[in-house]
Every structure is written in C-alpha cells, then in structure tokens.
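Let's take a walk through this fold together. Have the backbone view open and turn it as you read.

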Amino acid sequence: MSKPLRLFVEETPRKVFVSALDWPGLARGGKTEDLAVEALVAHLPRYAKVARKAGERFDPHDFDIEVVSRTEGDAGSAYGIPSLVAPEDREPVDSREARRIASLVEASWDVFRSIASDAPESLRKGPRGGGRDRTKIIEHVTLADGGYARSMGIKGDPETADGLATLRAAVLDVLRTTSDGSPIADRKWPPRYAARRVAWHALDHAWEIEDRTERD
C-alpha cells in the first residue's frame, strides 16, 4: 500500500517551490507546480540514500503525491529556497519523531560530506561559466550552517573543524528535543521547519556537486 508524500507548495509568478513535509531535505523548485513536483519525484531515488542512512524505510516507488497546503511565496521562494513555514511545521514533535528528523538532518550532512569528499576541485561550469568549485561550496554550506544555528538560538564558530562539529551536534540536540511546535528559542523556526531548511541546504549542494562533476 502506497504512503502519502505530503507536500507544501510555495507559489510565486517566477518559481514554485515544493517541500516534502515529512522528509527533511526533500524539496525542489520549478517554473510551475507540475514541474516542481516532477523534479521532486525525480529526486526520490537520491533521497532514498539519505533516508536509508538515517535508518528509515524509503521506497521511491511507494508514494502517492498529496499537496496538503500551499501559500503565496516570497522572494526566497522565488529564488529557490524553502523560505516559508508551513502550517504543518507547527505540529507537535514527540520523542520518536524528534529523533527521526534529527537523524535525517545528520544523514543529509553525511551525504553532503561523502559527495563533496569524492568530487574533484574543479566542477563543470554553467552555460555562462558560473558556479562555485568544490571548496567554495563546502565553505558556503559550512557558513550557512552557522547562520541556521543562530536562527535556532545556538552560538558557535563553524569555521574550524572542531567548531563545526560542536555546532552541528548542538543543532541535533535541539532537534532531538520534544516540542509543542513552537519556534525554537522563541525565534521564528519551529523544529520541523528548521530540520527541513538545514537538510535541504546540505542536499541541494550535494546534488549540485554530483550534477556538475565531470564523468569520464
């Protein structure tokens, strides 16, 4: 029996962004909702590696798409970011679900680390010659994690290996904590959204590196 794949849609005239509410990091954009959903479905086999690393059963062929909520997106949505908190992100998080979403975030970091470490320094450029090389992407993801941690009320220095490890461990500790769905540290992000945002960023750049790696 197929499982529902609950999606949240952020709509803008420029771009539509869709996110899987129950699978942190599984999110894609497109010029239309149909194209965004198509892109997300195409990435299910890639995401399966993340889910299985986190100890989750995940069959890419065993889901039924179900758009459960949608909203007018903002500039971040139009740019290609899961920018907005969904109503479902405010659902309570019990101890089992807290451990689950934290494991998926950790697996997303692990997948990014594995893909980045195996990639060449020079990556294929875009049509206009743009695009960061491997080291710059790693630096970007690292610094972004520092910013995401601050949005969760966590301070730390991500610019050293030890500092990054300590900061990410603190993020996971927060995500493993039960919640009534309120924003973390009385800020803006409830735990479910924080997990979605952090995991998406790591996987978006992991998959970018894969797509821009020259194959023999």
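Two strands pair if DSSP finds at least two bridges between them. Helices (H or I, at least four residues) and strands (E, at least two) are DSSP runs, numbered from the N terminus. Keep in mind that this is a predicted model: local features need pLDDT of at least 70, side-chain atom pairs count only at pLDDT 80 or more, and totals for chains, interfaces and linings use all residues. Residues are numbered from 1 along each chain as its sequence is written, and side-chain values use heavy atoms, with hydrogens and water left out.

Start with the sheet. Four strands make up an open sheet, ordered E3-E2-E1-E4, with mixed pairing. At the edges sit E3 and strand E4 (63-72), each of which pairs on one side only. Ignoring direction, neighbouring strands here are turned by 25° against each other on average; axes are lines fitted to C-alpha atoms, for helices over the stretch in contact, and angles run from 0 to 180 degrees between N-to-C directions.

Now zoom in on E2. Strand E1 (residues 3-11) pairs with E2 in the antiparallel sense over five bridges, and phenylalanine 8 stands opposite serine 19 in E2. E1 and E2 form a hairpin, with four residues between them. On to strand E3 (residues 27-30): E2 pairs with E3 over four bridges, again in the antiparallel sense. Here phenylalanine 17 has glycine 29 in E3 as its bridge partner. E2 and E3 form a hairpin too, with six residues between them, and glycine 25 in that turn has a positive phi of about 100°.

How many residues of E2 are buried? Five of the five residues of strand E2 (residues 16-20) are, so E2 is largely enclosed by the rest of the structure. Buried means under 20% relative accessible area, exposed over 50%, and partly exposed in between (1.4 Å probe, protein chains only). In a regular strand the side chains alternate between the two faces of the sheet. In E2 both faces are covered: Val16, Val18 and Ala20 are buried on one side, Phe17 and Ser19 on the other. As for what lies over the sheet, H7 runs across E1, E2 and E3, at about 65° to E3.

Next stop, histidine 43, in the loop between helix H1 (33-42) and H2. Histidine 43 is buried, with a relative accessible area of 13%. Which residues does histidine 43 touch, not counting those up to four places away in sequence? They are Arg28 and Trp207, where contact means heavy atoms within 4.5 Å. Histidine 43 and arginine 28 are 15 residues apart in sequence, with 8.4 Å between their C-alpha atoms.

Just past that loop, look at how helices cross. The axes of helix H2 (residues 44-53) and helix H4 (residues 95-118) come within 8 Å and cross at roughly 120°. That makes H2 oblique to H4: angles under 35 degrees count as roughly parallel, over 145 as roughly antiparallel, 65 to 115 as roughly perpendicular and the rest as oblique. The crossing of H2 and H4 is right-handed; a crossing is left-handed if the near helix is turned anticlockwise from the far one by less than a right angle, and right-handed if clockwise. Tyr47, Val50, Ala51 and Lys53 in H2 meet Leu104, Ala107, Ser108, Asp110 and Val111 in H4. The residues of this contact split into six nonpolar, one polar and two charged. Ala, Val, Leu, Ile, Met, Phe, Trp, Tyr, Cys and Pro count as nonpolar, Asp, Glu, Lys and Arg as charged, and the others, Gly among them, as polar.

Another helix pair is worth a look. Helix H5 (residues 134-151) and helix H6 (residues 161-175) have axes that come within 10 Å and cross at roughly 45°, and H5 and H6 are therefore oblique to each other. H5 passes H6 in a left-handed crossing. From H5, Val141, Thr142, Asp145, Gly146 and Ala149 meet Leu164, Leu167, Arg168 and Val171 of H6. The residues of that contact divide into five nonpolar, two polar and two charged.

Finish in the loop between H6 and helix H7 (191-211), where alanine 185 is found. Most residues other than glycine have a negative phi. Alanine 185, however, has a positive phi near 55°, and aspartate 186, in the loop between H6 and H7, has a positive phi near 60°. Alanine 185 counts as partly exposed at 47% relative accessibility, whereas aspartate 186 is exposed, with a relative accessible area of 78%.
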